Amino acid sequence: MSLARVDYIAPWWTYWLHNFPHINLRFQATDKSFQPEDENYQQSLIFLGCVAAAGLGLNLLCLAIYLSCLCCCSKEEEEESKKPNSCCVTWSAVAAGLITCIAVGVGFYGNSETNDGVYQLTYSLYNANHTLGGVDSLVTGTMGNMRTGLHQHLARLDEIFATRGDYVQTLQFMQQMADNVIKQLLGLPDWDEAKVDLASIADQTANIEYYRWLTYLLLLILDLIICLLACLGLAKQSRWLLTTMMVFGVLTLILSWTSLGADLATAVGTSDFCVSPDKYIMSQTKGIITADIVHYYLYCNQTLSNPFQQPLTIFQRSLTTMQIQIQGLLQFAVPLFPTAERDLLGIQRLLNSSEASLHQLTALLDCRGLNKDYLDAMVGVCYDGVEGVLYLCLFSSLAACAFTVMLCAIPRAWRQIASRERDYDDIDEEDPFNPRARRMGSQNPNHTNMHSFCSYSSSMGSQTSLHPPAPAVSNAPMPEYMNQTALFGGNPRYENVPLIGRGSPPPSYSPTMRATYLSMTEEQSRHFGSDFQA
């Protein structure tokens, strides 16, 4: 264990995360080594989630204080005070939208990176499981051939060669070689238990990763939809849409902080494993596989000897010796005992098959295959996996900031919309300069309550107190437009009389100007009456 790792080097961010304080729920420092079965270590990871929960509580408290201050403070009605508030809401919405877009982009990248890392881990676990399963299958098959097939052939040959003691002695020697081969195969570690563990770990990891990936994908889409609908509500000035998005914004804010706590705990725990994976693997394989075999596969360099070299060499020599004995019996015993040829050829085929299994077993037991799977798994988990989780942490943080800004901007925008509607309600509906009155007039031109401010019977003043002045008797020629009116059989209307000629008041509601208009009307009436008497 004193040899330095050359092929695998943990990335710097795993050391940075590994140095995070590990504190249990009793606020006591714990060991930083990866021990998922230890209660204190589990509490140290839960403590990180509690830190995120505390951040969520502080965030909601700040929002509550802000909303309370916004509701309690008085709003000024001057136009100067409205413009900065509107500008503030606009820039807040722009900032929230930009931060949300950046957060969603970072989240998609982090989700993809994490999925790639976990896929590489499961792929390596399945490959290692296939390798160990192949080793177990070869060992089991070879032992079965030696125990059943070879024993049956040797039993029949023993009956055939019963009269030849030297041949019977050769058969006994071959039986000893077969027992030696079985003994060497039994000395190999039992890979079956490790194989089942790897397969179950790979299956569970793949299932968990699928649901994790799908959950984050839905969360990313939800954040984007809420941001777009909030911007649409601000653009359309829809109060119900803004209220709905505010509720969903609070929900998304809670989900963002929750995902931040889960991602932070996952990143720290995985980094604890990535900093020293050999220690944990050797502790898990203790009692199943010897330490020298685990060390051989974890490091796999030229200075380490193959722990299976001796049993494999004995296996090879035993097979070679047995093949030599079979060749001699085929050459010398078959001419004397023709019935023995079938069993001798059967033993030869069995030995050839066992030799092929030996070559395959030697290749599978070599450290390069399993070590490559191990390194691929470490690279997938500690590089792509942890990096992706860090990006997801960044996404959760940015999403929390974006929705905090959005939750601060929506109430102010909602209040501005309500104040604007109150301002419109305060305007007189009869005011011809009211934009709403103009819209109503254009929509309903036959409205009986709308009077033209250019007519004599204007809404200014009382119609009962103001009467049209008596027409003056004069020898002055009738104007041209009056003649045209008379020619068409109609009476001259005051609407067609110029403003100056008919004494119509100016379109104003000032009391001073109204008093002036009344005095001028009375003076004109008296003047016209004196002329008529004259």
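Is Asp376 buried, partly exposed or exposed? I found a relative accessibility of 23% for Asp376, so this residue counts as partly exposed. I note that the model is predicted.

**Salt bridges**

I searched the whole structure and got five salt bridges. Asp376 is in one of them, with Lys372, and the closest N and O atoms are 3.0 Å apart. Both residues belong to helix α11, four residues apart, which is about one turn of the helix.

I then looked up Glu209 and Arg212, whose side chains form a salt bridge at 2.8 Å, N to O. They sit three residues apart in helix α5 (residues 191-236), so about one helical turn separates them. Glu209 is buried at 7% relative accessible area. Arg212 has 19% relative accessibility, under the 20% limit, and therefore counts as buried.

Asp343 and Arg156 also pair through their side chains, at 3.0 Å, N to O. Asp343 is in helix α10 (residues 341-365) and Arg156 in helix α3 (residues 79-160), so the bridge ties together parts 187 residues apart in sequence. I list Asp343 as buried at 6% and Arg156 as partly exposed at 39% relative accessibility.

**Helix pair**

I checked α7 (residues 277-284) against α8 (residues 291-299): the angle is about 145° and the axes are 10 Å apart. Their crossing is right-handed. The contact residues are six nonpolar, no polar and one charged.

**Core**

The largest nonpolar core has 100 residues, and Met146, Phe161 and Leu361 touch the most other members. Helix α11 gives the most to this core, 20 residues. I listed contacts of Met146, among them Ala178, Val181 and Leu350.

Technical notes:
Residues are numbered from 1 along each chain as its sequence is written. This is a predicted model: local features need pLDDT of at least 70, side-chain atom pairs count only at pLDDT 80 or more; totals for chains, interfaces and linings use all residues. Side-chain values use heavy atoms; hydrogens and water are left out. A nonpolar core is a set of buried Ala, Val, Leu, Ile, Met, Phe, Trp, Tyr and Cys residues joined through side-chain atoms within 4.5 Å. Buried means under 20% relative accessible area, exposed over 50%, partly exposed in between (1.4 Å probe, protein chains only). Helices (H or I, at least four residues) and strands (E, at least two) are DSSP runs, numbered from the N terminus. Contact means heavy atoms within 4.5 Å. Axes are lines fitted to C-alpha atoms, for helices over the stretch in contact, and angles run from 0 to 180 degrees between N-to-C directions. A crossing is left-handed if the near helix is turned anticlockwise from the far one by less than a right angle, and right-handed if clockwise. Ala, Val, Leu, Ile, Met, Phe, Trp, Tyr, Cys and Pro count as nonpolar, Asp, Glu, Lys and Arg as charged, and the others, Gly among them, as polar. A salt bridge is a side-chain nitrogen of Lys or Arg within 4 Å of a carboxyl oxygen of Asp or Glu. Lists of a residue's contacts leave out its neighbours within four places in sequence.
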